Structure formats: C-alpha cells, structure tokens
Amino acid sequence: MNDTHEILALAAANQRRAHEILRELELREAWQAIGARAEVVGSLRTGLLMKHLDIDLHIYSPAPLRPADSFAAAARVAEKPGIRRMEYGNLLDAEDCCLEWHAQYEDRDGRRWQIDLIHMAENSPWAGYFERVADRIAAVLTPETREAILRLKYETPDGAKIPGIAYYKAVLADGVRSHAEFTAWLQEHPVEGIVTWIP
C-alpha cells in the first residue's frame, strides 16, 4: 500500500475504531469510578494512529496514589469482553512516578490492540506533560508532514518497537521523509527513557 489516499484512509479508520473501543470498554468510566480522571495521549490524541493499534491513557488521582484503587479500576477493565491480558507495574519510585497497566484487547474483527493505562498522582511531575506534547504536535502538523509520519509508520516492519515521538521528532525537527532516512536517524538518535522533546 503506497497510495497516499489508502494510507490516510487506513489511519482514519483506525482512529475511528480506537474511539469506539474507548467507549465500548468504558475506559474513562472505570477510572472515574475511583475518583480519577483519564486523558487520551499518544497517537490517538495527535491523530497519527496508524497500523500499530494502541490506545494510551494517562490517569490522574489525588495524592497519595494507592495501588488498591488502581487495581479496582483495572478490574473493571479486565471484566470487559475481548480483554485477553492485563499486566501491572509499580514504578512509583522510578522516573515514571506511576502505576502502569498494559492490556491486550481483541476487537470484533480479531485485531489485537494494546491499551496502556498510566496511573499517576495529580501532583506528578509528568501530570499533563504528554497531553501538551501531543497537542503541540497536532498543532504544527501540515498535510505534508502528517502524510510523511503516517507513511513512515506504515513502512515500519510489524513488531518493531519504535515510540511515536521518534517519528514526530525525525520528521518535524530533522526533515526525515524516507524509511531509509528514518533508519539512519534512529541509529544516530537512539530512543532511551522518557523523551522530552516538544516541537
């Protein structure tokens, strides 16, 4: 699939399906039930969701963050049809300052989605940061850079673990346009830890 129209159509279809899944799984409601607030971040927020099917939510609770509350919300998610796996990580004492949930969801078409639920306190140093990054990326996109990013994502081999921020920085900051250029760029700019670039 090299046709620009087809790539844009696939991205739009996946974007629509992701919002449907948000509603079907009642992801926001699961966290609202414990007094938390869930915000969409990542490629779904930027409008740059492509063939790597993922939904990223950052979830905020009043401090102190309690794992028991996080488990209560995650249990509501785990009960939903199609949820095949849930993984938990406690990173409260790490740079991330969060509790992590990673769910695997199989939709009605048999496609597997990764759902990342990052739970942090409202006073976390990262609170609101990735929303601002995503909104800024969306604001500076042009039709040409949007297509370039989606095409690079499409051309990335299945299974490759490349964070979205790498594509955005390569295209928007460094003018990368081809898959070969992107491969070379990744070698020169290894992605490690939390990337704090914003356009």
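Helix 6 and helix 7 are oblique to each other, a class that takes in whatever is left once angles under 35 degrees count as roughly parallel, over 145 as roughly antiparallel and 65 to 115 as roughly perpendicular. The two helices pack at an angle of about 140 degrees, with their axes 10 Å apart; axes are lines fitted to C-alpha atoms, for helices over the stretch in contact, and angles run from 0 to 180 degrees between N-to-C directions. This is a predicted model, in which local features need pLDDT of at least 70 and side-chain atom pairs count only at pLDDT 80 or more, while totals for chains, interfaces and linings use all residues. Residues are numbered from 1 along each chain as its sequence is written, and side-chain values use heavy atoms, with hydrogens and water left out.

Helices (H or I, at least four residues) and strands (E, at least two) are DSSP runs, numbered from the N terminus. Contact means heavy atoms within 4.5 Å. On the helix 6 side of the pairing with helix 7, Thr-145, Ala-148, Ile-149, Leu-152 and Lys-153 take part, and they meet Tyr-167, Tyr-168, Val-171 and Leu-172 in helix 7. An α-helix has 3.6 residues a turn, so residues three or four places apart point the same way.

The loop between helix 6 (143-155) and helix 7 (164-174) contains Thr-156. Thr-156 counts as buried because its relative accessibility is 5%; buried means under 20% relative accessible area, exposed over 50%, and partly exposed in between (1.4 Å probe, protein chains only). A polar atom of the Thr-156 side chain lies 2.8 Å from the backbone oxygen of Leu-152. Apart from neighbours within four places in sequence, Thr-156 is in contact with Lys-51, Ile-162, Tyr-167 and His-179.

Ile-162 lies in the loop between helix 6 and helix 7 as well. With a relative accessible area of 25%, Ile-162 is partly exposed. Its contacts, leaving aside neighbours within four places in sequence, are Thr-156, Tyr-167, Phe-182 and Leu-186. Between the C-alpha atoms of Ile-162 and Ile-198, which are 36 residues apart along the chain, the separation is 17 Å.

Helix 7 itself comes next. Its buried residues are Ile-165, Ala-166, Tyr-167, Tyr-168, Ala-170 and Val-171, and these pack against helix 3 (42-46), helix 5 (129-140), helix 6 and helix 8 (179-188). With helix 8, helix 7 packs at an angle of about 105 degrees, the axes being 11 Å apart. Helix 7 is therefore roughly perpendicular to helix 8. In this pairing, Ala-166, Tyr-167, Lys-169, Ala-170 and Asp-174 of helix 7 meet Phe-182, Trp-185 and Leu-186 of helix 8. Just after helix 7, Gly-175 takes a positive phi of about 70 degrees.

Helix 3 holds Ser-43. At 8% relative accessibility, this serine also counts as buried. Beyond neighbours within four places in sequence, Ser-43 is in contact with residues including Gln-15, Asp-54, Asp-56, Lys-153 and Tyr-168.

Helix 6 has a further partner in helix 1 (residues 4-24): these two pack at an angle of about 80 degrees, with their axes 10 Å apart. Helix 1 is thus roughly perpendicular to helix 6. Here Thr-4, Ile-7, Leu-8, Leu-10 and Ala-11 in helix 1 meet Arg-146, Glu-147, Leu-150, Arg-151 and Tyr-154 in helix 6.

An annotation from the record covers part of the chain. The unreviewed UniProt entry assigns "domain: Polymerase nucleotidyl transferase" to residues 26-65; UniProt positions are given in the numbering used here, feature names are shortened, and annotations may be inferred rather than shown by experiment. Over residues 26-65 the chain is 28% helix and 32% strand, and 22 Å separates the end C-alpha atoms.

Glu-26, in the loop between helix 1 and helix 2 (27-32), has a phi near 50 degrees, a positive value in a residue other than glycine. Glu-26 is partly exposed, its relative accessible area being 35%. A cis peptide bond, with omega about 0 degrees, joins Ala-63 and Pro-64, and Pro-64 is placed in the loop between strand 2 (54-61) and helix 4 (67-78). Cys-97, found in the loop between strand 3 (83-91) and strand 4 (98-106), has a positive phi of about 55 degrees although it is not a glycine. Cys-97 is partly exposed, with a relative accessible area of 24%.

Methods. A polar contact is a pair of N or O atoms within 3.5 Å; within protein, one must be able to donate a hydrogen and the other to accept it, and residues adjacent in sequence count only if both atoms are side-chain atoms.
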